[in-house]
Amino acid sequence: MSEHRPPRRLALIILVLVAAAGCLGLGYWQWVRFEAVGGTYQNLGYALQWPAFAFFCVYAYRRFVRLEAEEQAAESTGGRRPSEPDEPTEIPEDLLPTRPRTLAEAREQEAADPDAQQINEYNEYLAQLARRSDRSAQ
(Lines give C-alpha, C1' and ligand atoms only; values in the text may rest on other atoms or scores of the structure.)
Protein backbone atom coordinates (compact mmCIF):
# COMPACT_ATOMS: atom_id res chain seq x y z
CA MET A 1 0.00 0.00 0.00
CA SER A 2 1.33 3.45 -0.80
CA GLU A 3 2.57 5.80 1.91
CA HIS A 4 0.56 8.72 0.50
CA ARG A 5 -2.93 8.92 1.96
CA PRO A 6 -5.40 11.55 0.77
CA PRO A 7 -6.18 14.19 3.39
CA ARG A 8 -9.77 13.28 4.14
CA ARG A 9 -9.74 13.67 7.92
CA LEU A 10 -10.84 17.32 7.79
CA ALA A 11 -13.71 16.49 5.44
CA LEU A 12 -14.89 13.71 7.76
CA ILE A 13 -14.75 16.00 10.80
CA ILE A 14 -16.81 18.61 8.98
CA LEU A 15 -19.29 15.95 7.87
CA VAL A 16 -19.67 14.65 11.43
CA LEU A 17 -20.10 18.13 12.85
CA VAL A 18 -22.73 19.06 10.26
CA ALA A 19 -24.59 15.77 10.77
CA ALA A 20 -24.53 16.06 14.56
CA ALA A 21 -25.59 19.71 14.47
CA GLY A 22 -28.40 18.83 12.07
CA CYS A 23 -29.61 16.06 14.33
CA LEU A 24 -29.52 18.32 17.39
CA GLY A 25 -31.35 21.01 15.45
CA LEU A 26 -34.05 18.57 14.44
CA GLY A 27 -34.31 17.44 18.06
CA TYR A 28 -34.81 21.04 19.18
CA TRP A 29 -37.41 21.56 16.45
CA GLN A 30 -39.35 18.49 17.61
CA TRP A 31 -39.13 19.71 21.24
CA VAL A 32 -40.61 23.06 20.23
CA ARG A 33 -43.39 21.24 18.36
CA PHE A 34 -44.05 19.09 21.44
CA GLU A 35 -44.39 22.17 23.65
CA ALA A 36 -46.72 23.84 21.13
CA VAL A 37 -50.49 23.64 21.53
CA GLY A 38 -50.91 20.78 19.02
CA GLY A 39 -47.82 18.86 20.13
CA THR A 40 -48.08 15.11 20.66
CA TYR A 41 -46.03 12.48 22.41
CA GLN A 42 -44.76 11.42 19.01
CA ASN A 43 -42.98 14.80 18.83
CA LEU A 44 -41.51 14.13 22.28
CA GLY A 45 -40.25 10.75 21.11
CA TYR A 46 -38.57 12.34 18.10
CA ALA A 47 -37.16 15.10 20.30
CA LEU A 48 -35.43 12.45 22.41
CA GLN A 49 -34.44 10.34 19.41
CA TRP A 50 -32.57 12.98 17.38
CA PRO A 51 -29.86 13.60 20.04
CA ALA A 52 -29.24 9.84 20.05
CA PHE A 53 -28.63 10.05 16.29
CA ALA A 54 -26.20 12.93 16.88
CA PHE A 55 -24.35 10.83 19.48
CA PHE A 56 -24.16 7.95 17.00
CA CYS A 57 -22.56 10.21 14.37
CA VAL A 58 -19.79 11.13 16.80
CA TYR A 59 -19.42 7.53 18.02
CA ALA A 60 -19.17 6.14 14.48
CA TYR A 61 -16.49 8.68 13.58
CA ARG A 62 -14.44 7.87 16.70
CA ARG A 63 -14.76 4.15 15.96
CA PHE A 64 -13.64 4.74 12.37
CA VAL A 65 -10.58 6.70 13.53
CA ARG A 66 -9.68 4.00 16.04
CA LEU A 67 -9.97 1.20 13.46
CA GLU A 68 -7.96 3.21 10.94
CA ALA A 69 -5.20 3.72 13.54
CA GLU A 70 -5.14 -0.01 14.29
CA GLU A 71 -4.85 -0.79 10.57
CA GLN A 72 -1.95 1.66 10.18
CA ALA A 73 -0.16 0.26 13.24
CA ALA A 74 -0.50 -3.28 11.96
CA GLU A 75 0.70 -2.20 8.52
CA SER A 76 3.78 -0.48 9.93
CA THR A 77 4.76 -3.40 12.20
CA GLY A 78 3.92 -6.06 9.64
CA GLY A 79 1.49 -7.79 11.98
CA ARG A 80 -1.94 -9.15 11.25
CA ARG A 81 -4.47 -6.50 10.34
CA PRO A 82 -7.64 -6.43 12.48
CA SER A 83 -9.83 -6.45 9.37
CA GLU A 84 -8.38 -9.77 8.18
CA PRO A 85 -10.41 -12.77 9.34
CA ASP A 86 -8.68 -15.55 11.27
CA GLU A 87 -10.06 -18.20 8.94
CA PRO A 88 -11.38 -18.13 5.41
CA THR A 89 -15.08 -17.42 5.41
CA GLU A 90 -17.60 -19.54 3.56
CA ILE A 91 -21.25 -19.21 2.74
CA PRO A 92 -23.33 -21.67 4.79
CA GLU A 93 -24.99 -24.31 2.64
CA ASP A 94 -28.50 -23.55 3.89
CA LEU A 95 -28.22 -19.79 3.22
CA LEU A 96 -29.05 -19.86 -0.48
CA PRO A 97 -32.12 -21.53 -1.99
CA THR A 98 -31.57 -24.95 -3.44
CA ARG A 99 -31.23 -25.46 -7.17
CA PRO A 100 -34.38 -26.80 -8.80
CA ARG A 101 -34.14 -30.52 -9.44
CA THR A 102 -34.78 -32.13 -12.76
CA LEU A 103 -37.48 -34.77 -13.00
CA ALA A 104 -34.85 -37.51 -13.30
CA GLU A 105 -33.05 -36.31 -10.15
CA ALA A 106 -36.33 -36.15 -8.26
CA ARG A 107 -37.23 -39.73 -9.28
CA GLU A 108 -33.79 -41.01 -8.27
CA GLN A 109 -34.06 -39.37 -4.88
CA GLU A 110 -37.62 -40.63 -4.36
CA ALA A 111 -36.58 -44.16 -5.30
CA ALA A 112 -34.04 -44.17 -2.49
CA ASP A 113 -36.45 -42.66 0.07
CA PRO A 114 -39.03 -45.13 1.51
CA ASP A 115 -41.21 -42.32 2.90
CA ALA A 116 -41.40 -40.69 -0.54
CA GLN A 117 -42.34 -44.04 -2.08
CA GLN A 118 -45.13 -44.50 0.46
CA ILE A 119 -46.46 -40.99 -0.21
CA ASN A 120 -46.36 -41.62 -3.96
CA GLU A 121 -48.26 -44.90 -3.55
CA TYR A 122 -50.87 -43.17 -1.39
CA ASN A 123 -51.25 -40.35 -3.91
CA GLU A 124 -51.68 -42.89 -6.72
CA TYR A 125 -54.34 -44.69 -4.67
CA LEU A 126 -56.20 -41.40 -4.14
CA ALA A 127 -55.96 -40.64 -7.88
CA GLN A 128 -57.48 -44.08 -8.67
CA LEU A 129 -60.34 -43.45 -6.25
CA ALA A 130 -60.95 -40.04 -7.86
CA ARG A 131 -61.04 -41.62 -11.34
CA ARG A 132 -63.51 -44.29 -10.15
CA SER A 133 -65.81 -41.68 -8.60
CA ASP A 134 -65.66 -39.63 -11.84
CA ARG A 135 -66.73 -42.68 -13.88
CA SER A 136 -69.57 -43.56 -11.54
CA ALA A 137 -70.90 -39.98 -11.56
CA GLN A 138 -71.26 -39.96 -15.34
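Trainee: Let's start with one residue. Is Arg107 buried or exposed?
Mentor: Arg107 is exposed, because its relative accessible area is 55%, and the cut-off for exposed is over 50%. Keep in mind that this is a predicted model.

Trainee: Okay. Which helix is Arg107 in?
Mentor: Arg107 sits in helix α3, which runs over residues 103–112.

Trainee: And how far apart are Arg107 and Phe34?
Mentor: In sequence they are 73 residues apart, and in space their C-alpha atoms are 67 Å apart.

Trainee: Let me zoom out, then. How many helices and strands does the protein chain have?
Mentor: The chain has four helices and zero strands. Reading along the sequence, you get the pattern α-α-α-α.

Trainee: What are the spans of the C-alpha trace along its principal axes?
Mentor: They come to about 85 × 65 × 20 Å. The radius of gyration is 32 Å, while a compact globule of 138 residues would have one near 14 Å.

Trainee: What share of the residues is buried?
Mentor: Buried residues are 10% of the 138 in the chain. As for the surface, the chain exposes about 12,000 Å², and 60% of that comes from carbon and sulfur atoms.

Trainee: What about contacts between residues 24 or more positions apart?
Mentor: Taking the contacts with a separation of 6 or more, residues 24 or more positions apart account for 44% of them.

Trainee: New topic: salt bridges. How many are there?
Mentor: The count is two salt bridges. In one of them, the side chains of Glu68 and Arg9 meet, with 2.4 Å from N to O. Glu68 belongs to helix α2 and Arg9 to helix α1 (residues 9–35), so this pair ties together parts that are 59 residues apart in sequence.

Trainee: Why do side chains like that pair up?
Mentor: Side chains of opposite charge can pair when their charged atoms come close.

Trainee: Let's look at aromatics. How many aromatic pairs are there?
Mentor: A search of the whole structure turns up five aromatic pairs. One of them is Trp31 with Phe34: the ring centres are 5.7 Å apart and the planes are at 45°, so this pair is tilted.

Trainee: Where do Trp31 and Phe34 sit relative to each other in the helix?
Mentor: Both are in helix α1, three residues apart, which means about one helical turn separates them. Trp31 is partly exposed at 35% relative accessible area, and Phe34 is partly exposed at 22%.

Trainee: What kind of pair do Trp50 and Phe53 form?
Mentor: An edge-to-face one, with 5.2 Å from centre to centre and 85° between the planes. Trp50 and Phe53 are three residues apart in helix α2, so about one helical turn lies between them. Trp50 has 23% relative accessibility and counts as partly exposed, as does Phe53 at 37%.

Trainee: Which residues do ring pairs link into a cluster?
Mentor: Trp31, Phe34 and Tyr41 are linked into a cluster by ring pairs.

Trainee: Last one: Asn43. Buried or exposed?
Mentor: Asn43 is buried, because its relative accessible area is 10% and buried means under 20%. Asn43 is found in helix α2, residues 41–77.

Trainee: What does Asn43 touch?
Mentor: Leaving out residues up to four places away in sequence, Asn43 touches Gln30, Arg33 and Phe34.

Conventions
Residues are numbered from 1 along each chain as its sequence is written. This is a predicted model: local features need pLDDT of at least 70, side-chain atom pairs count only at pLDDT 80 or more; totals for chains, interfaces and linings use all residues. Side-chain values use heavy atoms; hydrogens and water are left out. Helices (H or I, at least four residues) and strands (E, at least two) are DSSP runs, numbered from the N terminus. Buried means under 20% relative accessible area, exposed over 50%, partly exposed in between (1.4 Å probe, protein chains only). Contact means heavy atoms within 4.5 Å. A salt bridge is a side-chain nitrogen of Lys or Arg within 4 Å of a carboxyl oxygen of Asp or Glu. The radius of gyration is taken over C-alpha atoms; the globule rule is 2.2 Å times the number of residues to the power 0.38. Accessible areas come from the Shrake-Rupley method with a 1.4 Å probe; for residues, only the protein chains shown count as cover. Rings of Phe, Tyr and Trp (its six-membered ring) pair if their centres lie within 6.5 Å; planes under 30 degrees apart count as stacked, over 60 as edge-to-face and the rest as tilted.
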